[in-house]
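Biologist: I am new to reading structures. Could you walk me through one, feature by feature?

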Amino acid sequence: MTDSTMSPLRLGTRRSKLAMAQSGQVAEAVRELTGRPVDLVEITTYGDTSREHLAQIGGTGVFVSALRDALLAGEIDFAVHSLKDLPTAQPAELALAAIPVREDPRDALIARDGLTFEELPDGARVGTGSPRRMAQLNAWARTLGRRIETVPVRGNVDTRIGFVEKGELDAVVLAAAGLTRIGRIEEATQLLSPDVVLPAPGQGALAIECVAANAHLVASLAELDDPVTRAAVTAERSLLAALEAGCSAPVAALADLQVDEQAVTEMHLRGVVGTLDGTTLVQLSTTGHVPASLDDESVPLRMGRELAVEMLAKGAAGLMGERAL
């Protein structure tokens with residue numbers, strides 16, 4: 001009989017270059033942690049095969065359900081997701097075992113001729129599949145006294161950057177974290193400050209998920225968890241959940257934690273909801289004290305919910321229905 005402690009762990013991943021890169025990094029960390037080999041199992045999700053815009057195929061969850069099905073069927077032992085793709089409701093039978101240290105949460109602009117956003121000409125065509133980015137980019141352009149045309153795009157990083165290289169678009173906006181993970185961050189012509197374009201809830205963070213009943217694996221994977229990252233994304237996702245919005249809605253959120261002498265003392269949470277054309281944005285923030293034990297998720301959860309209530313009171317509810325691109 002083979003020793004199960006040395007049999008390979010099966011890590012389920014999407015097939016894209018980015019998914020394979022980030023899963024490969026997690027696989028290496030798990031190998032070092034457990035001493036066990038880790039095999040990557042490629043799984044095609046509906047979000048990978050559909051050519052429709054994300055908002056039209058259900059937004060959040062379209063990249064996740066096939067991986068979760070494979071977990072529940074016992075075809076894989078654990079899965080790696082981009083956290084921003086995960087629905088906010090966690091199935092009881094699956095454990096979010098680890099959220100490792102977050103990569104840069106910002107958005108990145110890749111524009112022709114090395115241009116920054118401020119240097120783009122009036123009427124510039126900017127590609128993004130994200131309603132959240134569309135709302136904020138259009139609003140930013142308006143403050144600069146000009147207009148841009150946001151063009152819905154799908155496809156992997158190569159495809160999106162290709163639109164700029166071929167001259168079909170003046171620029172595209174992508175997550176800086178993804179560019180970093182595939183070694184292409186130097187192609188960004190500008191990293192967008194969260195003061196002008198706030199990222200998606202959980203952007204830059206990964207989620208490592210396994211079956212909750214596998215207590216030994218849950219405990220092993222938990223060694224990769226970063227409590228500061230988990231607290232931040234918990235607040236962001238709490239805001240998203242309270243607004244009852246998926247990744248197809250124009251919602252942005254970012255939590256910053258103040259670390260004082262190695263202890264986290266304070267969290268600053270910002271949220272934005274807007275219309276796709278950027279004419280209306282509801283932007284609010286809140287600051288709260290964080291308990292010494294970051295294992296207590298009640299504070300980030302409460303901060304997210306309370307900020308959502310304030311945003312709804314300021315008119316966010318009327319903006320949430322704008323799903324179609």
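Biologist: Among contacts between residues at least 6 apart in sequence, what percentage join residues at least 24 apart?

Modeller: The share is 72% in this protein. Keep in mind that this is a predicted model. The chain has 325 residues, and 53% of them count as buried. Its secondary structure comes to 9 helices and 13 strands.

Biologist: How do I read a single contact across the sequence? Which residues does Val80 touch, leaving aside its neighbours within four places in sequence?

Modeller: Start with its place. Val80 lies in strand 3, residues 78–82. Its contacts are Leu11, Gly12, Ser23, Val26, Leu67, Leu206, Ala207 and Ile208. Now take one pair. Val80 and Gln22 are 58 residues apart in sequence, yet their C-alpha atoms are 7.9 Å apart in space.

Biologist: Is Val80 buried or exposed?

Modeller: Val80 has a relative accessible area of 5%, so it is buried. Compare the case of Asp39, in strand 2 (residues 38–42). Asp39 has 38% relative accessibility, so it counts as partly exposed.

Biologist: What does Asp39 touch, not counting residues up to four places away in sequence?

Modeller: Asp39 touches Pro8, Leu9, Arg10 and Leu11. Ser7 is 32 residues from Asp39 in sequence, and 10.0 Å from it, C-alpha to C-alpha.

Biologist: Next, cores. Which residues touch the most other members of the largest nonpolar core?

Modeller: The general idea comes first. In soluble globular proteins, nonpolar side chains tend to be buried together. Here the largest nonpolar core has 23 residues, and Leu239, Met267 and Met311 touch the most other members. At least two core residues come from each of helix 8 (227–242), strand 11 (251–260), strand 12 (263–274), strand 13 (281–289) and helix 9 (298–313). There is also a second, separate core of 18 residues; Leu11, Val38, Ile208 and Leu221 are among them.

Biologist: What surrounds Met267, apart from residues up to four places away in sequence?

Modeller: Met267 touches several alanines, including Ala231, Ala232, Ala235 and Ala255. Its other contacts include Asp256, Leu257, Val290, Pro300 and Met303.

Biologist: How do I describe two packed helices? At roughly what angle do the axes of helix 8 and helix 9 cross?

Modeller: Two packed helices are described by the angle between their axes and the distance between the axes. For helix 8 and helix 9, the angle is roughly 35°, and the axes come within 7 Å. Their crossing is right-handed. Helix 8 contributes Ala231, Thr234, Ala235, Ser238, Leu239 and Ala242 to the contact. Helix 9 contributes residues including Pro300, Leu301, Gly304, Arg305 and Met311. The contact divides into 10 nonpolar, 3 polar and 1 charged residues.

Biologist: Now loops. What is the phi of Asp113?

Modeller: Most residues other than glycine have a negative phi. Asp113 has a positive value, near 55°. Asp113 is found in the loop between strand 5 (107–111) and strand 6 (124–127). Its relative accessibility is 65%, so Asp113 counts as exposed.

Biologist: Which side chains make polar contacts with the side chain of Thr275?

Modeller: The side chain of Asp277 makes one, at 2.8 Å. The side chain of Thr279 makes another, at 3.4 Å. Thr275 lies in the loop between strand 12 and strand 13.

Biologist: Why does Thr275 count as buried?

Modeller: Look at the cut-off. Buried means under 20% relative accessible area. Thr275 is buried because its value is 8%.

Technical notes:
Residues are numbered from 1 along each chain as its sequence is written. This is a predicted model: local features need pLDDT of at least 70, side-chain atom pairs count only at pLDDT 80 or more; totals for chains, interfaces and linings use all residues. Side-chain values use heavy atoms; hydrogens and water are left out. A nonpolar core is a set of buried Ala, Val, Leu, Ile, Met, Phe, Trp, Tyr and Cys residues joined through side-chain atoms within 4.5 Å. Buried means under 20% relative accessible area, exposed over 50%, partly exposed in between (1.4 Å probe, protein chains only). Helices (H or I, at least four residues) and strands (E, at least two) are DSSP runs, numbered from the N terminus. Contact means heavy atoms within 4.5 Å. Axes are lines fitted to C-alpha atoms, for helices over the stretch in contact, and angles run from 0 to 180 degrees between N-to-C directions. A crossing is left-handed if the near helix is turned anticlockwise from the far one by less than a right angle, and right-handed if clockwise. Ala, Val, Leu, Ile, Met, Phe, Trp, Tyr, Cys and Pro count as nonpolar, Asp, Glu, Lys and Arg as charged, and the others, Gly among them, as polar. A polar contact is a pair of N or O atoms within 3.5 Å; within protein, one must be able to donate a hydrogen and the other to accept it, and residues adjacent in sequence count only if both atoms are side-chain atoms.
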